[in-house]
Every structure is written in structure tokens, then in C-alpha cells.
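Open the model in your viewer and keep the selection tool at hand.

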Amino acid sequence: MERNIAMKRVAKPEGKFNIVIEEVAMPEPGPGEVRVKAVRSLISRGSEMGGRYTREHAVNPESMGYSLAGIVDAIGEGIDHYAVGDKVVASAPHAQYAVRPARVSSLQEQAQVVPMLPSVTFDQAPYYPLTSGAVSWVDIEDIQPYDTVVILGQGLVGSLLMQVAKANGRGRIIAVDTLDSRCTLSEELGADVVINASDEDPVHAVHKITNGVGAHIVVYAVGGPAGPKAFDQGLDMLAIGGLLHLIGLYEDQPLPLTSGKIQRRRLLGGYYGQVIPSGVSLRAMQLLGSGIIRTDKMTTHHFPYMEAPAAFDLLYNRMDEALGVLLNWEVSGA
């Protein structure tokens, strides 16, 4: 039977808020590559709103998304560790099919295709890239048993950081957000303390909880227009000798790095090119497959891929209603 030579993908042409579904040629895998037939993909609100949806310029379709789960349906020459029908997660955009390198040439290269554990479903799997990042970031923070850790922002990244930290069982984990829905979810997911920054001053609340000392670790997972204020609050609630872990992005303005506030404190950038080790990748998959990472509660909406424009609009204009938004590329792929 002759294969259809066209496929659909999400694209962002010129113009703010301009999401379309376009038809392009079906990609074919070359040597060392596999082609993945999509089942689910996850829209990341932080990068895909701040770095794509709200921009005037056209965006390379390869940058439209990075969390796709599906089934290997074609294999290039030289690949023997994957077979047609294997379930995988790929660092790939929102598209019906994606071709990706299927192996890494050195320990310094990040895998773009990762096999799913049997216990992981297609609704869980698109959370893998962000979960593996959260595992790696929490490891870097080196939380000690009696540390107080504040996570500013309970979007996808902040929520995953909180859940991974709680799963590790060390420290008192405080979640901060300004949205009632996200604060409620943080409570359900096990945060030790939840601070609604719309109802109370989070700096005062953290100092009260810590008897005026401040937090050992503050994780900045906000970004966007609200980022500078949250970052400044993070510095104000950080104890002397503490660590501020910078993960949020897309503020489009400088962060208030006041020299007097950073004295005798440490600042760590979250994005510095670290390759995620295979052990971290396995840990992330195990957390997803075990249900410790509650993607069922994080996922607020499913959209057929043809309704991607509506999905992006929901995430941007009604963020109090939406957190994890999945695009469904195959009706039977549950």
C-alpha cells in the first residue's frame, strides 16, 4: 500500500498569536535515525507562549514543541536497538511524524529519542523531558534533610520540581503561586506549605515560617512578565549562605540582581548545557510510571491536534484554568 506522502504539523507564521496547522511532506529517516508517529504531545506554556506564541516573527516549525510521545514506524540504516512498533518519547515538535537521531555518539550528547517503560502511558510520557529536567535540577540543588526549599511558581516546571523534591524525601518544600487553582493543586500534590502570593506577602510568610532566617534554597520557576518581581522576592526570602536556583525564562527585561542582596548568597543558572545522565532519565521514567508524578492531576485539557490554535489561546488567555495541555494525534492512542 502506498504511504500518504503528506503530514500535518503545528506552525507559527508571522504575527502574534498566529498558530496554524500546515501540511508538509512526510519526512524519511536517514542513517542513524528513526521516524516517530505521534500519539500525544505536550504544550509547554513557558517556552511556547513566551518564546513562540507572543512573538511577531515566524518561528521555525522545528522549535514548535519538544515533548512528543509516539511509536517508531520507520528505521534508518544502522539502527538495531529500535524496532517498528516501539513506544518512545522524542524531543520533537508538534507534528504527526518526526524524524530524530536514534543514538548518541558520546556521553556529552543528549539523547533525542528515549524508550518508554511499559508502565508509562501515552498521557504520561510527554511529561518526560520536563520531568528529567526536574530530576536533574533537584539533584543539583543537593537538598539536605532539614533544608527549607521555596519553589516560586507552580506551572509545569515548578510543579514537577516540587513533586520530585517531595519524592526524594528531603527538606521542607514550600510552593508559591498567585493562582488559586495552582495553589490548590500544590496542596493536593503534597507540598508541605503552600503560599498564595495574591493573598499574602510571600517574603513575610517565608520569614515567619523560618523564624526570620529565610530559606536555604529558593527556586525561581516563574519567568515571563511576572518574573522580575518574583525574582526580587526570592532574593529577599533567601537566607545568608543560601542558594537561588534560576530556572525561569522569557522575562524580556533585566532581573533585579541587587548586589547588596546577593552578597553571601549563591546564584545558580538552571540552563547551562548539562547532559542529563542515563540514570536521571531512568529515574524520571520510573517516577512517571509509578504515578508519583501526578500527570493525571496536572493534565487539565486534551485537544485534537487540529484544534491546536484553541489550545494555545486557552493557555495564554485563561492560565488560571489550564496547566498541562495535551494534543492528541491519534484517537486510539490512549
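Two strands pair if DSSP finds at least two bridges between them. Keep that in mind for the strands ahead. One caution before you start: this is a predicted model.

**Stop 1: strand S9.** Select residues 172-177, which make up strand S9. Is this strand mostly covered or mostly open? It is mostly covered, with 5 of its 6 residues buried.

Stop 2: Now trace the chain from S8 to S9. The path goes through helix H3, residues 156-168. This β-α-β crossover is right-handed.

**Stop 3: another neighbour, S10.** Select residues 193-196 for strand S10. How many bridges join S9 to S10? There are 4, and the two strands run parallel. Pick Ala175 here; Val194 in S10 stands opposite. Follow the chain again, this time from S9 to S10. Helix H4, residues 180-188, carries the crossing. This β-α-β crossover is right-handed too.

**Stop 4: salt bridges.** A search of the whole structure finds 14 salt bridges. Start with Lys261 and Asp236, whose side chains meet at 2.9 Å, N to O. What does this pair tie together? Lys261 sits in helix H7 (residues 259-262) and Asp236 in helix H6 (residues 227-236), so the bridge links parts that are 25 residues apart in sequence. Lys261 is partly exposed at 22% relative accessible area. Asp236 is also partly exposed, at 32%.

**Stop 5: Arg294 and Asp296.** Select both side chains. They form a salt bridge of 2.7 Å, N to O. Arg294 is partly exposed, with a relative accessible area of 31%.

**Stop 6: Glu321 and Arg318.** Move on to this pair. Their closest N and O atoms are 2.8 Å apart, in another salt bridge. Are these residues buried, exposed or in between? Glu321 is partly exposed at 41% relative accessible area, and Arg318 is partly exposed at 39%.

**Last stop: a network.** Select Glu28, Arg35 and Asp73 together. Salt bridges that share partners join these residues into one network.

Notes
Residues are numbered from 1 along each chain as its sequence is written. This is a predicted model: local features need pLDDT of at least 70, side-chain atom pairs count only at pLDDT 80 or more; totals for chains, interfaces and linings use all residues. Side-chain values use heavy atoms; hydrogens and water are left out. A salt bridge is a side-chain nitrogen of Lys or Arg within 4 Å of a carboxyl oxygen of Asp or Glu. Buried means under 20% relative accessible area, exposed over 50%, partly exposed in between (1.4 Å probe, protein chains only). A crossover is right-handed if, with the strands pointing away from the viewer, the path from the first strand over the helix to the second runs clockwise.
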